[in-house]
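Open the model in your viewer and keep the selection panel at hand. The tour starts at the ligand, goes on to the domains and ends at a sheet.

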Amino acid sequence: METIRVIYEGKVCELPVIVGTEGEKAIDISRLRQTTGLITLDPGFGNTGSCTSAITFMDGEKGILRYRGIPVEELAEHSIFTETAYLLIHGVLPTRQQLNQFSVLLNDNSLIHEDMQFFFQNFPRASHPMGIVSAMVTALRSFYPELKINDEEEINLTVTRLLSKIRTLAAMSYKISRGHKVIYPRPDLTYCANFLNMMFDNPVRPYCIDDTLVNALNVFWILHADHEQNCSTSTVRMVGSGRVNLYAAISAGIAALWGPLHGGANQAVIEMLEKIHREGANVRDVILRAKDKNDPFRLMGFGHRVYKTYDPRAKIMKKMCDSVLQKLKIHDPLLDIARQLEETALTDAYFIDHHLYPNVDFYSGIVLRAMGIPTNMFTVMFAIGRLPGWIAQWKESRDDPDWRLSRPRQIYVGPAQTHYLPIDRRH
Ligand code: ACO
């Protein structure tokens, strides 16, 4: 095995080099502090691997994303969301029988306890649905408390409950925020069709389920299903490392996803495009603002910590956006603005030099708008899609014999020791 030798104050430490399936390399520093007294410092973890993982591979330079070895492009073309969820969680594609069983279980567990409806009633009407869904996922633990972390059957039941009920919770939060009647899940509908129906059916105008939208939703959720050790997934792993129940770990992941630099970017993109449209702003001026270091404005939906080329999910999303709008004969002026922004940015030296390309969020909001999803629900849509990934990552860390409590260190730069001053001697 290749090693790297660190010599510090006469102490020698041989650090093994770990090599991944695709040739990516890491220095294993787990013995560094013990041998030399040194720790590493890497704000934002841009150079730090937190685990080894067999779930998702991405290459940010080449624009590659694979779940369990399968390119995301193939899954988006041939799979459906529940099948991809099974793949991520169980490690292999299901047989027809396994997929049918999985679908039956998802159907059987789609209802939520009637008493949970009362919680919804008491959130202020203007509450953000991400806060509601995060709180309700934690609340599920009180209604379905039988989780034993190492009992496989119970974990599978909890996993199924989470996957199925999050849809119901999300649709309920929307209906109640509108003051509309809650629509129950239907056993005759597929996962995605069921969600759209719960969102948009109503007693006076039955919802007509459109295959184009069902297909678009399948692709949207497949593209969001996992993305290795991003902010929310690392949160799920870190919170989970305290051996908390799965509901609480997932709820923490939902909260982490909410931020505009992470999952909240899909909402921020549409708000940005709407503002440009409303104000009739010139696209070139928007690009100038994004480049101005004295202006906090950033081009939302552009840039990524790992991808230094076009995000492969954004490519699929852009194509899907075009085809959905064409099929439904929708003309969305925001799509024109998005295209112009992309064209201008991709030929601009700043964006080229900084390797800034559209990420998954740049076009996804336009697809969600075409479905009728309100802007403040966009990040909830992302959360539903990411759920299988969070679960798979949590399971993987739970199955790791070296699963340790996550506990980073720091370099303290505060005051040296000082003493307590009684209040009457302070000015
Ligand atoms: N617009 C303008 N400039 C940008 C943008 C952007 N969208 N993104 C990065 N930059 C610039 C920064 O100003 C910085 O410039 P400098 O080196 O000259 O100071 C440089 O590119 C590097 O930026 P960082 O913030 O250090 O890069 P980091 O890897 O930390 O950030 C991030 C990645 C947060 C995604 C960033 O690109 C961003 O804020 N994008 C907009 C928000 C967004 O779309 N987020 C969704 C990401 S995908 C997801 O999480 C699902």
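Which residue places a backbone N or O atom 2.9 Å from a nitrogen atom of the ligand? Select Phe302: in this predicted model, a backbone N or O atom of Phe302 is the one at that distance from the ligand nitrogen. Taken alone, the ligand exposes 930 Å², and 75% of that is buried by the protein.

Next, select Gly301. A backbone N or O atom of Gly301 is 2.8 Å from an oxygen atom of the ligand.

Now widen the selection to the whole shell. There are 19 residues around the ligand, and those that come nearest are Arg298, Leu299, Gly301, Arg305 and His354. By class, the shell holds 9 nonpolar, 6 polar and 4 charged residues.

Zoom out and colour by domain. Residues 3-49 make up domain 1, and residues 76-396 make up domain 2. Between the C-alpha centres of domain 1 and domain 2 the distance is 36 Å.

For the last stop, select residues 56-59, which form strand E4, and residues 70-71, which form strand E6. These belong to an open sheet of 3 strands, ordered E4-E5-E6 and paired antiparallel. E4 and E6 are the edge strands, each pairing on one side only.

To see a bridge, pick Tyr67: its partner in E6 is Ile70.

Terms used
Residues numbered from 1 in each chain as written. Predicted model: local features only at pLDDT ≥ 70, side-chain atom pairs only at ≥ 80, totals over all residues. Heavy atoms only, no water. Near = heavy atom within 4 Å. Polar contact = N/O pair within 3.5 Å; in protein donor to acceptor, adjacent residues only side chain to side chain. Areas by Shrake-Rupley, 256 points an atom, 1.4 Å probe, with all protein chains shown as cover. Nonpolar A, V, L, I, M, F, W, Y, C, P; charged D, E, K, R; others polar. Domains from an automatic or database assignment. Pairing = 2+ DSSP bridges. Helix = DSSP H or I, 4+ residues; strand = E, 2+ residues; numbered from the N terminus.
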